[in-house]
Amino acid sequence: MASEKKEQEKKEKGLSFFTKLKNSIFKIEKYPEMAIEGFGKAVLYISKILIILAVVVSVWTLYKTNEFVQEGINYLQNDFPEFSYNDGTLNVESENNTIIENDKVGKIIIDTKTDSEEEINKYLNEINSEGTGILVLKNKVTLKNVAVNGEVSYNYTELLKDLNLTQFNKEDIVNYVKDGSINQIYLNIFLTIFLYSFVMYFINTLWYATVISIIGYLTIKILKLKVKFTPIYSMSVYALTLSTILNIIYVIINAIFNFNIKYFDIMYTTVATIYLIAAIFMLKSDYIKKSEEVMKIEEAQQIIKKEMEEERKEQEEKEEVKKKDKEKEKKEKKSNNDEPEQSNA
């Protein structure tokens, strides 16, 4: 009884995260079983993987930021013009914008004089064309890197409020970095990147799952299987497992070797689509096997029914023969009883 109770509790809790992870990559035939648990469980499962991805992206971004800060502090001391910050506004004492090319960070554009949206968009387009970079404006700084879709902006006021910094200048920044006080900013950057990247990856993953599930649903219709859209969507989420793990590996490799894959998004969706289609064909195969088993059972039932019908007919024939024999015996007895009476007369 205790073992049955534990088994029942296990079923109610569902499959563990690591079991689903293994099944999603190596046991495609288990997709329907996992999909039965519902869409919510599928989303919760993929969210755990996306948290790992968001942590990797955040750590990598923080590493790159620290690397840039350590290199930049020397440049700041020796070559960068004087600047000051006061109540959310940064002012660099330079008539023209400053453009710095950095192999690790990308293009850095500094312009604290402009308010033109057109000019700001032009700067962002220049950075996007490079793939990575930083745009420093008078009220915010915007970061762009290959790990994060789009740009991430930090408002100076929000970024510095926990540090109680309302004003500083070039000399203050140099001292601030060297005495380790910048660690609080690093923590804010980490949390901001983590939340942003998790939300973006979560939205993108659900979008990819939607596209893949539509392809899967069309495949279901072609194969003439009766499966609702929701289980197909859940299966699509599980099918994105390997693609998401490959994305994590890609971010790590990119961080170490600066290695870019041009058509990674296409590969991402293709791998997941192949997994889903394979799971659907396995589902079709199981359906055919079960149909064949049902047909065999029906054939066996027909044979048994036929045999039982034949036995019943034989039994009825035997009963009929017995009945006729009994009637014949009765007639013979009656005939024998009538003959002696006539002879006595």
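Buried means under 20% relative accessible area, exposed means over 50%, and partly exposed falls in between (1.4 Å probe, protein chains only). The model is predicted, so local features need pLDDT of at least 70 and side-chain atom pairs count only at pLDDT 80 or more, while totals for chains, interfaces and linings use all residues. Residues are numbered from 1 along each chain as its sequence is written, and side-chain values use heavy atoms, with hydrogens and water left out.

**View 1. A negative patch on the surface.** Glu307, Glu310, Glu311, Glu314 and Glu317 gather here in a patch of negative charge. A patch takes residues with over 30% relative accessible area and no salt bridge, joining like charges within 9 Å and nonpolar side chains (Val, Leu, Ile, Met, Phe, Trp, Tyr) within 5 Å. Helices are DSSP runs of H or I with at least four residues, strands are E runs of at least two, and both are numbered from the N terminus. With a relative accessible area of 43%, glutamate 307 is partly exposed.

**View 2. A positive patch.** Now look at Lys318, Lys322, Lys326 and Lys330, which form a positive surface patch. Lysine 326 sits in helix α11 and is exposed, at a relative accessible area of 55%.

**View 3. Asparagine 247 and its contacts.** This residue is part of helix α10, residues 241–257. Skip its neighbours within four places in sequence, and asparagine 247 still touches Leu53, Tyr201, Phe264 and Tyr268; contact means heavy atoms within 4.5 Å.

**View 4. Glutamate 37 meets lysine 20.** These two form a salt bridge, with the closest N and O atoms 2.8 Å apart. Glutamate 37 is in the loop between α3 (31–35) and α4 (39–78) and lysine 20 is in helix α2 (residues 17–26), so the pair ties together parts that are 17 residues apart in sequence. A salt bridge needs a side-chain nitrogen of Lys or Arg within 4 Å of a carboxyl oxygen of Asp or Glu. Glutamate 37 is partly exposed at 24% relative accessibility, whereas lysine 20 is buried at 4%.

**View 5. Aspartate 115 meets lysine 138.** Their side chains make a salt bridge of 2.7 Å, N to O. Aspartate 115 lies in the loop between β4 (106–110) and α5 (117–130) and lysine 138 in the loop between β5 (133–136) and β6 (140–144), so this pair links parts 23 residues apart in sequence.

Note on methods: Areas by Shrake-Rupley, 256 points an atom, 1.4 Å probe, with all protein chains shown as cover. Lys, Arg positive; Asp, Glu negative; His and termini not counted. Charge placed at Lys NZ, Arg CZ, Asp CG, Glu CD.
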